[in-house]
Amino acid sequence: MRFDLQVIASWIEPGAKVLDLGCRSGSLLDHLRKTKKTRGTGIERDEDAAGEAIAKGLSVIHGDIYEEIEDYPNNTFDYVILSQTLQQVHDPAELIREMLRVGTRCIVSFPNFTHIKNRFQMFFTGRAPVSKELPYEWFNSPNIHVIPIADFRRFCDGLGVPIVKEVAIATHHHDTKGRIITFRPNLFATFGIFMLGQADGSQK
């Protein structure tokens, strides 16, 4: 399992109710079910990936995360997870509000656009950076937002959403190994992972 998903899994309490948005083939939900005895649900728009997850015996809905999340009542889940997808979301503020409506905590991870290699690429080539974490050219990228870790903190402050926990990591997109970055994460981390709480202070 990817290193960022290992970090996320370590934050989940045993027996929790979990919603994974964009769960792909369900590797995180399957891991949590086996190791933490969680009750998990996933939403995945890719039909083949959703089919793989369902074949594992997971509860996964094939659909759009915006549409499907609206159907859940307030505080249905303990955790709502959005891993490596925030940069592709049309309205991050709206989605995070919905995540915190249906869940007590939400966990998001995203590639850090201001990693030092990206900065060097832009400085020396004058072109949009391409890396293992951001593998697309500007004209065919599904990423519609570039998210530095420092800017995400300001974004949460503007939403009035408290950051419960955060960690910066250095790993590649599909790697199972990585390391925690504590020094200058906005420069040296490839991904940021944040746990957010409900704005009204009603967290557990």
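A salt bridge here is a side-chain nitrogen of Lys or Arg within 4 Å of a carboxyl oxygen of Asp or Glu. In this predicted model, E166 and R153 meet that condition, with their closest N and O atoms 3.1 Å apart. E166 belongs to strand β6 (residues 163-170) and R153 to helix α7 (residues 149-159), so the bridge ties together parts that are 13 residues apart in sequence. Both ends are partly exposed: E166 has a relative accessibility of 36%, and R153 has 31%.

By the rule above, the structure has 7 salt bridges. One of them joins E44 and R24, at 3.3 Å from N to O. This pair also links distant parts of the chain, since E44 sits in strand β2 (residues 39-44) while R24 is in the loop between β1 and α2, 20 residues away. The two partners differ in their cover. E44 counts as buried because its relative accessibility is 3%, and buried means under 20%. R24, with a relative accessible area of 45%, is partly exposed.

A further bridge, between E98 and R101, has an N to O distance of 2.9 Å. E98 and R101 both lie in helix α5, and because they are 3 residues apart there, about one helical turn separates them. E98 is buried, at 19% relative accessible area, whereas R101 is partly exposed, at 23%. Elsewhere, D30, R33 and K34 form a network of salt bridges. In general, side chains of opposite charge can pair when their charged atoms come close.

E67 counts as exposed because its relative accessibility is 53%, and the cut-off for exposed is over 50%.

The backbone has points of interest too. Most residues other than glycine have a negative phi. R24 is found in the loop between β1 (17-21) and α2 (27-36). N75 is another residue other than glycine with a positive phi, near 55 degrees. N75 lies in the loop between α4 and β4, and it is partly exposed, with 46% relative accessibility.

Q84 is in the loop between β4 (77-83) and α5 (92-102). Although it is a loop residue, Q84 is buried, with a relative accessible area of 7%. The side chain of Q84 makes a polar contact of 3.0 Å with the side chain of D4.

T190 occupies the loop between α8 (185-188) and β8 (191-197). T190 is buried, with 7% relative accessible area. A polar atom of the T190 side chain lies 2.7 Å from the backbone oxygen of T171. T190 and P148 are 42 residues apart in sequence, and their C-alpha atoms are 9.8 Å apart in space.

T182 is also a loop residue, placed between β7 (179-181) and α8. T182 is exposed, with a relative accessible area of 74%. The C-alpha atoms of T182 and A168 are separated by 7.0 Å, and the two residues are 14 residues apart along the chain.

Definitions and conventions: Residues numbered from 1 in each chain as written. Predicted model: local features only at pLDDT ≥ 70, side-chain atom pairs only at ≥ 80, totals over all residues. Heavy atoms only, no water. Helix = DSSP H or I, 4+ residues; strand = E, 2+ residues; numbered from the N terminus. Buried < 20%, exposed > 50% of the residue type's maximum accessible area, 1.4 Å probe, protein only. Polar contact = N/O pair within 3.5 Å; in protein donor to acceptor, adjacent residues only side chain to side chain.
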